Each structure stands twice: as C-alpha cells, then as structure tokens.
Protein chains: 2
Amino acid sequence: MRSETAMPKGMNDRPKAWKRHTAVLLLVAMLWWAGACMAAQDPLPSWNDGATKQQIENFVKKTTTAGSPDFVPPEQRIAVFDNDGTLWAEQPVYFQVFFALDQVKAQSPQHPEWQTTEPFKSALAGDLKGVAASGEKGAAELVAATHSGMTTDEFARNVNQWVSTARHPKTHRVFTEMVYQPMLELLHFLRDNGYKTYIVSGGGQDFMRAWATAVYGIPPEQIIGSQGELKFELRDGKPVLVKQPKVALVDDGPGKPVGIERFIGRKPIFAFGNSDGDQQMLEWTTSGDGPRFAGLVHHTDAAREWAYDRDSKVGKLDKALDEATAKGWTVVDMKNDWKQIFPPEK
Amino acid sequence: MRSETAMPKGMNDRPKAWKRHTAVLLLVAMLWWAGACMAAQDPLPSWNDGATKQQIENFVKKTTTAGSPDFVPPEQRIAVFDNDGTLWAEQPVYFQVFFALDQVKAQSPQHPEWQTTEPFKSALAGDLKGVAASGEKGAAELVAATHSGMTTDEFARNVNQWVSTARHPKTHRVFTEMVYQPMLELLHFLRDNGYKTYIVSGGGQDFMRAWATAVYGIPPEQIIGSQGELKFELRDGKPVLVKQPKVALVDDGPGKPVGIERFIGRKPIFAFGNSDGDQQMLEWTTSGDGPRFAGLVHHTDAAREWAYDRDSKVGKLDKALDEATAKGWTVVDMKNDWKQIFPPEK
C-alpha cells in the first residue's frame with residue numbers, strides 16, 4: 001500500500017518530494033558518519049602516539065595533499081622496505097638460514113662431505129651457534145648449496161612447503177607470523193595513500209617471492225632481493241629455468257641502490273631499513289629533490305623481541321645509526337614506539 | 001524568470017517533476033549514446049579486418065569476460081613486447097646503434113685508436129654497411145664503449161638529447177616517430193582491458209627507459225632490457241650509480257625468460273616479438289596453463305617499411321617463424337594486416 005493514497009488531493013506529489021528529501025538527508029548523514037569514522041580510525045593502531053608516528057603521518061599527509069608544496073604525484077610515490085629485521089624478525093639468524101638448514105638435512109645423504117665441513121657440519125648437528133660463527137659468508141655458502149640446481153618452480157614448492165610447517169626455535173610460531181604488526185599497518189597505510197610498496201632486501205628474491213605476496217600484499221614484481229643466475233632449458237620440450245650457483249646480484253649495502261635502479265628505474269621517496277646493509281639505500285633515497293623519508297627500525301626490546309645494534313653479527317646497526325642521528329632520519333625505538341610487535345596468533 | 005510562475009495553481013509541483021524527469025531521460029540518453037559510441041569505436045583502427053585482428057580481439061575478449069572459461073584475473077594479465085622490430089623499426093640497424101655512432105663521434109678526440117679499429121673506424125666514417133658487417137658483436141662493442149663510464153643520470157641526459165634531435169637516414173623522421181601505430185593501439189587496447197604491458201627487449205634497458213615511457217605509456221619499472229653492471233659511489237658526498245662496461249644481462253633469446261622471471265616473477269599470458277631472439281620468450285609464455293597468446297610481426301612491407309626475415313642480419317626471423325607455423329602462433333603480415341605503419345608526423 002502506498003501511503004500517499006490517504007493524502008488529500010492536490011498534495012499528491014508532496015509526500016514523494018518529502019520522501020526524496022528525507023532519503024537525501026539520510027544519505028548525507030550516512031556519508032558524514034562514514035567520513036567521520038574513517039577520520040577517527042587510526043591507520044597505525046599498533047604505533048604508540050609520539051614523535052615517530054607523527055613523522056610518518058606528517059610525511060604521508062604532506063606528500064598526498066593536493067596543493068601542498070610537498071605534494072608528490074602518485075607515480076613517484078615509491079616506498080622501499082628492507083625485509084629481515086625491518087618487516088619480519090631476523091634473530092638468532094636470518095630465517096632463510098633455517099630454511100637452508102632444513103634443506104641441508106634433506107639433501108645430506110647425497111653429500112657425505114658435509115659431515116666434516118662447515119657450515120654444513122654445524123647445520124646437520126642443528127648447532128645454530130656453529131652456523132652463526134661462520135658469519136654471513138657461511139650463510140651465503142649454505143644458501144648457494146641449497147638454492148641452486150633445481151628449477152624455479154621446484155624451488156618455490158620447497159619454500160612453500162617449509163613456510164607452512166617450520167617453526168621458530170624460540171617463539172614456536174610459523175615464521176610468517178613473525179612479521180611486525182606495526183609495519184604491516186604502515187605498508188597498508190602507504191598503499192591506501194597511493195604509494196607503491198617494494199621490498200628491497202639482501203634476502204633471496206625467489207625465497208621471498210614464494211610467501212611474501214600473501215603475507216605483505218606485495219606482488220612478486222615488487223619484491224627485489226639477492227639473486228642467482230638462471231638458465232633456460234627445454235626438458236621434454238617444456239621450457240624451465242634452472243637456478244645456478246652463480247650470484248647475479250647481492251642486493252645488500254651498495255647493491256641496494258643498484259637493485260632499485262635496475263628494477264624500479266626511479267628513486268624512491270620513502271625508505272625503511274634496520275641495519276648498516278640499508279645505509280646506501282637510505283642515502284640513495286634521500287639524495288633526490290623534494291620530500292624524502294628515511295627510517296630505521298632500532299631493535300630495543302629484549303623482552304618482546306630482541307635488543308641488538310652495534311655489536312650484532314646479524315643485522316648490525318652501527319654506521320647507519322650514526323648517520324641517522326647526523327641527518328635526522330627517523331629511528332623507531334621498538335620498545336617505546338610499538339604497542340604490539342607480532343600479529344595475534346592464527 | 002522561472003517558467004512555472006505562469007502555470008495554473010495546483011499544478012505548482014508538476015513542472016519541477018517534469019523537468020527532473022526530462023533531465024533523467026536526457027542523462028539516460030547520453031549514457032546510452034556514450035556506450036554505443038564506445039562499442040562502435042574500433043580500439044584497433046590501424047589494423048585491417050581479418051584473421052590476425054580477430055585473433056587478438058578474441059583473446060582479449062575471452063580472457064577479460066567474467067564467467068568465460070578462459071577468464072584471467074587482472075593481476076595475471078601480463079603482456080610482454082619485444083621492442084626493436086616489434087614496437088618500432090630496426091632497419092638498417094638497431095636504432096641504438098645510431099645513438100652509439102653519434103656518441104662515438106662526440107668522444108673520438110679522446111680515442112685516437114678508434115681511427116683504425118672496427119667497428120669504430122666505420123662508425124666515424126658514417127659507413128653503416130661497415131658497422132653492419134661487424135654484426136651484432138660489433139654493435140655490442142660500440143654499445144659497451146659508449147654506454148659506460150658515466151652516471152645513470154648523465155647517460156639518460158645523453159639519450160634524451162639525442163632522441164629529440166637525431167633523425168633516421170631514410171625517413172628523416174625522429175626515431176620516436178618510427179614506432180608502429182598498430183602496436184601503439186594494441187598496447188592501449190590491452191591496458192584498457194586490465195593488462196599490464198611490459199617491454200622485454202634485447203635493447204639497452206637504460207637507453208629505452210629514457211624515452212619509452214613517454215612514447216609507449218609504459219613506466220620504467222616495466223621496461224626490461226639488456227643491462228650492464230652498476231657501481232654505487234659517493235661523489236662530493238652525493239651518491240651516484242656509475243655504468244660499468246661489464247654485462248649483467250643479455251636480455252635476448254634464452255635471456256628473455258630469465259629477464260621475465262627476474263623482473264616480473266610471473267609467466268606472461270601474452271607475448272609479441274618479431275625475430276628468433278623472441279623465440280624463447282614466446283615458448284616460455286605459451287608453456288603455462290590456460291589461455292596464452294604468442295604473436296610475431298613479420299616484416300613483409302618493402303614499400304612502406306622493410307621486407308626481411310630468414311636472411312636478415314638484423315631481426316632475423318627463421319626458426320621462430322617455423323615454430324609459429326607448427327604451433328599456430330599469430331603471425332602479423334605487416335603489408336596486409338596493417339592499414340598504417342607509422343603515426344602521422346608531428
């Protein structure tokens with residue numbers, strides 16, 4: 001039944017107009033309410049209020065506000081992030097080393113010589129300190145031995161299988177849950193503001209691409225890392241790419257600006273790292289004109305994560321920390337700036 | 001004056017409603033008209049009607065129609081294009097060689113030995129046949145001598161300067177106007193349908209990135225080519241990347257799938273080339289599951305462009321042509337399939 005049938009003649013059109021008016025008012029109210037909600041909703045809820053959070057928010061605001069003298073057009077809003085120690089944890093050794101250890105165990109029957117040579121001997125004994133003692137060089141040897149000889153598809157399958165089952169020795173969580181909740185929020189916040197987010201990491205590119213898209217929401221073509229040569233082959237008439245033991249790019253230290261130029265071809269305006277391996281990336285990013293943001297995650301939280309910097313074998317932060325102080329880069333004090341470290345367990 | 005003031009009492013509201021009604025009708029008509037126009041507008045006007053055009057249109061339609069068994073989600077709509085001979089002309093030699101020749105002339109006072117050694121001797125004499133006789137190896141030598149030793153910024157400036165002034169010896173047009181109009185339309189057509197377009201070329205990555213974004217609408221991060229090593233340096237405290245004479249990737253032949261995997265990390269579903277250097281890229285693209293498109297530009301138009309294939313020194317098309325026939329790849333007959341070759345002169 002239409003209500004206006006009861007209305008006096010001549011006023012026939014009024015209720016319709018009134019209804020329309022009400023509907024418009026309601027819509028306006030809803031839009032206002034939605035807008036207010038969005039404004040009230042903190043895009044970085046795991047960051048404590050303070051100077052660090054303010055610096056990030058201010059930078060994003062000034063680079064995305066039309067008419068601002070610091071406005072940056074969307075195609076130039078390139079943000080690069082280191083991975084180990086910046087987006088996920090890296091202690092007691094880079095997580096990719098745990099993957100390599102498990103691969104060593106699986107392949108050891110074919111390699112009797114590993115029983116007596118480091119870092120393989122320690123790897124097989126599950127002796128993390130022994131592996132760590134061989135330093136980044138040892139880690140690189142392990143990686144080479146376990147990251148070549150198979151096709152790219154086979155390797156991706158190995159990583160996926162490992163990532164879905166292996167657990168961290170201290171937290172007993174799967175490694176993909178040892179990502180930093182505040183950094184996940186930062187990645188989203190930047191993308192919501194028209195930024196294109198990239199990973200630029202010393203870690204293996206193929207290793208990261210196997211899981212990082214699902215975890216960080218970053219597509220494979222925006223994941224740049226250290227990489228080996230690939231060889232094109234036809235196997236039973238079907239083309240494959242075989243991972244070679246020869247290094248093509250060490251995407252660390254001075255290799256990071258090289259990786260950025262090669263893959264992106266533009267200078268980022270926003271960069272986040274956590275160690276001396278990120279120093280050149282931050283220097284490169286801040287060397288351009290216009291607004292630039294350089295950030296470092298300082299691991300200061302021994303209770304909830306780890307506390308380390310100048311003397312650490314993994315993720316050493318020394319020269320870059322001095323440069324951050326000298327140049328006014330943003331330094332995240334993990335203990336005080338982060339309300340929460342890891343996302344809730346699934 | 002409001003027209004309803006002249007209307008009889010009681011009908012006071014009607015004209016407003018009538019006006020509203022008319023406005024809505026007009027809007028609907030305009031939308032219908034715009035829709036009809038868009039449907040009628042041929043997205044590939046420089047392609048003659050026929051099997052080739054049909055194959056392209058059918059592929060795009062079936063991969064982008066929701067509910068189609070061949071529907072491909074947007075993030076997997078990766079299209080890769082060779083550049084030389086596919087997007088722009090490549091005769092009598094790759095255009096990058098003309099750039100190298102001009103750079104040789106500019107630098108020759110510092111290199112007296114070039115007066116007596118090939119391909120430099122021919123380059124300085126403007127003897128294109130002499131340069132061509134040194135083949136792709138000679139071209140590579142020229143490229144190395146003229147594409148390293150400077151910073152990436154300096155190199156980009158050199159290329160931009162050259163591209164805005166140098167002219168093709170036969171057509172006397174600037175090189176960026178010797179791009180293929182039908183391929184420009186194809187790039188737009190694909191992007192309008194949610195495809196991400198990439199260049200995967202044997203040509204120099206830094207050389208292409210200097211001008212190809214403006215010409216093809218493809219951003220630098222989607223331009224993949226042959227590339228040299230880069231070295232990070234601080235000059236007066238300012239970081240620069242210096243181009244090294246050492247090759248990092250020959251993005252040609254079997255190097256193309258390597259470049260694709262390294263930079264994109266996904267298998268394309270659509271690939272276009274024109275020579276044997278594109279064979280492995282087409283094999284790689286068509287080796288995945290689901291709908292796949294492989295296309296070759298066959299240079300058959302001696303009058304409007306050039307006619308060459310199996311015996312050409314530049315852009316040789318022999319094995320890939322046989323494979324195209326055997327596997328049913330799409331072969332563009334330039335003479336018959338293209339209404340127009342180059343865009344109108346500016």
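The crossing of helices H3(B) and H6(B) is left-handed, a term used where the near helix is turned anticlockwise from the far one by less than a right angle, and right-handed where clockwise. The model is a predicted one, in which local features need pLDDT of at least 70 and side-chain atom pairs count only at pLDDT 80 or more, whereas totals for chains, interfaces and linings use all residues. Residues are numbered from 1 along each chain as its sequence is written, and chains are lettered from A and ligands numbered from 1 in the order of writing. Helices (H or I, at least four residues) and strands (E, at least two) are DSSP runs numbered from the N terminus.

The axes of H3 (residues 95-107) and H6 (residues 135-146) of chain B come within 9 Å and cross at roughly 50°, axes being lines fitted to C-alpha atoms, for helices over the stretch in contact, with angles from 0 to 180 degrees between N-to-C directions. H3(B) and H6(B) are therefore oblique to each other, since angles under 35 degrees count as roughly parallel, over 145 as roughly antiparallel, 65 to 115 as roughly perpendicular and the rest as oblique. On the H3(B) side, B:Gln96, B:Val97, B:Ala100, B:Gln103 and B:Val104 meet B:Ala139, B:Leu142, B:Val143 and B:Thr146 of H6(B), contact requiring C-beta atoms, placed from the backbone, within 7 Å. This contact comprises six nonpolar, three polar and no charged residues, where Ala, Val, Leu, Ile, Met, Phe, Trp, Tyr, Cys and Pro count as nonpolar, Asp, Glu, Lys and Arg as charged, and the others, Gly among them, as polar.

Among the buried residues of H3(B) are B:Phe95, B:Phe99 and B:Leu101, a residue being buried if 20 or more other C-beta atoms lie within 10 Å of its own, exposed if 12 or fewer, and partly exposed in between. The buried residues of H3(B) pack against elements of chain B including H4 (120-125), H5 (128-133), H6 and strand E2 (196-204).

In chain A, A:Ser148 lies in the loop between H6 (135-146) and H7 (152-165) and, with 18 C-beta neighbours inside 10 Å, counts as partly exposed. A:Ser148 and A:Gln244 are 96 residues apart in sequence but 5.1 Å apart in space, C-alpha to C-alpha.

The contact between the chains takes 29 residues from chain B and 29 residues from chain A. On the side of chain B that touches chain A, H11(B) gives the most, with five residues, and the residues of that side divide into 14 nonpolar, six polar and nine charged.

Terms used:
Contact = placed C-beta atoms within 7 Å.
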